[in-house]
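Please look over the points below with the model open.

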Amino acid sequence: MKKEEITGAEALLRSLSAEAVEDVFGYPGGSIIPLYNALYDYRDRLNHILVRHEQGAVHAAQGYARASGRVGVCFATAGPGATNLITGIADAQMDSTPIVCITAQVAKDNLGTHFFQEADTISITNPITKWSYEITHAREVAPVIAKAFHIARSGRPGPVLVSITRNAQTECTEYEYVPHVPRPELEKYRSEYTEAFLSEAAETINTAARPMIIVGQGVTLAGAEDDVRALAEAGNIPVVSTLLGISAFPTGHRLFHGNVGMHGNYAPNLMTQNADVILAIGMRFSDRVTGNVARYAPHAKIIHVEIDRAEIGKTVRVDIPLIGDAREAAQALTPRIENRDRADWHRFIEGLKAADTSRRTALRDGYLGMAAAVDAVARLGSGEALVVTDVGQHQMFSALYSRFVRPRSMITSGGLGTMGFGLPAAIGAKVARPDREVVLFVGDGGLQMSLQELGTVMQSDVGLKIVLLNNSFLGMVRQWQEMFFDRRYSFVEMANPDFLQIAAAYGIPARRVESRCELDSAVGQMLAAKGAYFLEVVVENEENVFPMIPAGAALDDILMQQKT
Amino acid sequence: MEKTYKITAVIENRIAVLNKITSAFLKRHVNIESLNTEKTTPEAITITIMAHVPQETMQRLAAQLGSMWDVISITCKEEK
């Protein structure tokens with residue numbers, strides 16, 4: 001019997017349903033009208049969120065993926081629709097976020113003719129996608145979508161782009177969906193360590209006097225949070241995290257000491273420089289983590305658990321590579337790890353923490369800085385909130401002062417550092433996790449890079465809590481100009497609109513706080529609000545983020561306050 | 001120190017894969033001095049590239065090429 005024939009557009013929607021996709025972020029346009037026409041009949045199965053700019057769609061898909069662990073999906077039309085996705089795709093590539101971007105393309109016969117809204121999407125996105133494909137026949141739809149989802153989520157996740165020409169959307173095809181199973185020789189990720197490597201790693205940890213674990217996002221991506229905690233507890237080993245690893249380990253745990261990196265906590269950075277063994281799990285030793293590589297972790301043997309073999313030894317020498325899944329590796333290591341007292345090492349770490357004066361300065365009485373706002377949300381929300389940030393000073397304060405009791409609770413643009421990421425990513429996170437309190441911390445600069453998405457919050461009734469930390473400056477650049485460019489403030493001052501009027505225009509309840517004494521009641525009011533809420537905190541104009549490791553310096557050179 | 005390397009990659013036989021390979025060279029600012037492509041099976045194309053690069057760059061480049069989904073296999077040899 002002949003199989004039922006459907007259009008390529010419908011085949012695409014059915015394929016998404018076969019991949020259990022429930023939510024899609026998108027924006028229609030000329031070449032993608034056939035897909036949106038088919039979507040009209042799938043509204044009961046696919047929840048489409050209409051954004052206000054395609055960049056909002058891709059960042060929302062990223063936020064959705066990172067909050068839920070599922071693949072985020074976005075739609076955009078050909079030409080400008082597709083090119084507007086670029087920043088988000090590059091961001092997802094840097095931060096290993098599984099997303100599938102579906103972009104339309106002009107009809108196959110019109111390719112290469114400078115047709116209206118034609119852009120060479122595949123070439124443009126090649127260097128920033130994990131995989132990409134242009135569908136020119138409807139029959140390709142189901143197998144390509146199956147492969148796209150497999151690649152986006154497998155191993156080290158990443159962004160996949162599928163371009164579909166207009167004719168492939170309207171042509172009819174037989175439809176059958178078969179999940180993608182790659183030939184074994186094409187499977188890119190497999191564990192590549194032997195028993196001998198595991199034993200050597202365990203022996204190295206067991207005989208260490210000053211070991212530490214660095215938790216990266218790979219722990220979250222592998223769902224290895226409990227396994228890594230078990231590993232740390234088994235060996236009584238102190239734990240720190242990278243920026244993207246935050247919330248993979250409970251911040252209140254006795255073994256957890258904060259974050260490493262340029263604006264990480266004092267103790268973790270100094271621990272790195274004193275450790276004799278570093279067990280790095282699912283992280284990539286970015287320049288923001290290592291500082292001056294030549295002076296990084298001078299006494300440490302490095303054990304690197306990492307699924308992407310291309311990361312092994314890329315920036316830092318690795319003594320024992322364990323190429324594979326973080327969860328499997330942690331489970332394999334734990335029974336081999338012996339509990340050791342290491343009282344001197346733990347005492348040393350407590351001493352470092354006590355010596356960190358930056359916290360007292362940032363939270364001092366009566367002072368309304370960014371830290372106080374982040375701390376108020378952490379205190380009054382009991383660390384239950386899912387925190388999303390934009391990029392800049394507020395991002396670093398959010399990383400330093402938030403508290404987390406649950407995994408997948410911190411979503412931030414790490415590798416690419418994309419301003420404008422925060423608001424749409426928070427929308428995506430709230431759509432993925434309507435059961436959770438989602439709080440966005442955003443600066444006045446970054447908010448205005450994707451301000452239009454307040455329209456999405458309004459139309460789709462996204463119950464998001466927005467905390468604007470407004471210092472009327474592009475604060476991080478201003479801090480660098482102050483510290484390293486003789487206070488030559490070159491184009492960092494912002495003349496801002498009345499944000500409360502903007503929130504009101506979108507029907508979002510809002511409040512402004514200008515003194516520290518109002519802060520707790522305002523944050524309490526925000527957290528008690530049923531739907532979306534906009535809280536503007538007018539913070540000190542020229543506050544600097546500390547601790548800080550100046551660019552090119554070693555982790556020992558960490559500053560806890562301004563040099564005078 | 002720069003050396004001459006011969007990179008042999010077996011890639012999927014379809015449009016755009018060669019573009020992905022060359023953009024990995026572009027990203028690291030490595031010039032391709034010789035390039036040969038040949039269909040070796042119905043599904044695969046074998047490409048051979050000669051490039052003059054520092055060893056460290058070559059290692060990172062080969063690792064990146066090896067992690068691409070459209071690359072079936074890759075070998076990299078120093079040319080004397």
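1. The arc is taken from the directions that run from the helix axis to the C-beta atoms. Buried means under 20% relative accessible area, exposed means over 50%, and partly exposed lies in between (1.4 Å probe, protein chains only).

2. This is a predicted model, in which local features need pLDDT of at least 70 and side-chain atom pairs count only at pLDDT 80 or more, while totals for chains, interfaces and linings use all residues. Residues are numbered from 1 along each chain as its sequence is written, chains are lettered from A and ligands numbered from 1 in the order in which they are written, and side-chain values use heavy atoms, with hydrogens and water left out.

3. The length of α2(B) is as expected. Helix α2 covers residues 55–66 of chain B, twelve residues, and reaches 16 Å from its first C-alpha to its last, close to the 16 Å expected at 1.5 Å a residue. The expected span is 1.5 Å times one less than the number of residues. Helices (H or I, at least four residues) and strands (E, at least two) are DSSP runs, numbered from the N terminus.

4. Now the contact between the chains. Chain B brings 16 residues to it and chain A brings 21 residues. Contact means heavy atoms within 4.5 Å. The size of an interface is often given as the accessible area lost when the parts come together. Between chain B and chain A the buried area is about 1,500 Å², and carbon and sulfur atoms give 53% of that. Buried area is the accessible area (1.4 Å probe) that two parts lose on being put together, summed over both.

5. How many salt bridges does the rule find across the interface of chain B and chain A? The rule finds one. The side chains of Lys147(A) and Glu12(B) meet in a salt bridge, at 3.5 Å from N to O. The rule asks for a side-chain nitrogen of Lys or Arg within 4 Å of a carboxyl oxygen of Asp or Glu. Six residue pairs are in polar contact between chain B and chain A, both residues at pLDDT 80 or more. On the side of chain B that touches chain A, α1, α2 and β4 of chain B each supply at least two residues. α2(B) gives the most to that side, with four residues.

6. Helix α15 of chain A (residues 343–355) has 13 residues, which should span 18 Å at 1.5 Å a residue; the end C-alpha atoms are 18 Å apart, which agrees. Its buried residues are Trp345(A), His346(A), Ile349(A) and Leu352(A). They cover an arc of only 115° around the axis, which puts them on the same side of α15(A). Asp344(A), Arg347(A) and Ala354(A) are exposed on the other side. The cover over the buried residues of α15(A) includes β9 (211–215), β11 (256–259) and α12 (266–274) of chain A.

7. Two residues other than glycine have positive phi. Arg342(A) has phi near 50°. Arg342(A) lies in the loop between α14 (326–333) and α15 of chain A, and is buried at 10% relative accessible area. Ser247(A) has a positive phi of about 85°. Ser247(A) sits in the loop between β10 (239–241) and β11 of chain A, and is buried at 5%.

8. Check the peptide bond from Phe546(A) to Pro547(A): it is cis, with omega near 0°. Pro547(A) is in the segment after β20 (533–538) of chain A. Ser358(A), in helix α16 (residues 358–362) of chain A, touches Tyr401(A), Phe546(A), Pro547(A) and Met560(A), not counting residues up to four places away in sequence. Ser358(A) counts as buried at 5% relative accessibility.

9. Arg511(A) is in strand β19 (residues 510–513) of chain A. Arg511(A) is partly exposed, at 21% relative accessible area. The side chain of Arg511(A) makes a polar contact with the side chain of Gln525(A) at 2.5 Å. A polar contact is a pair of N or O atoms within 3.5 Å; within protein, one must be able to donate a hydrogen and the other to accept it, and residues adjacent in sequence count only if both atoms are side-chain atoms.
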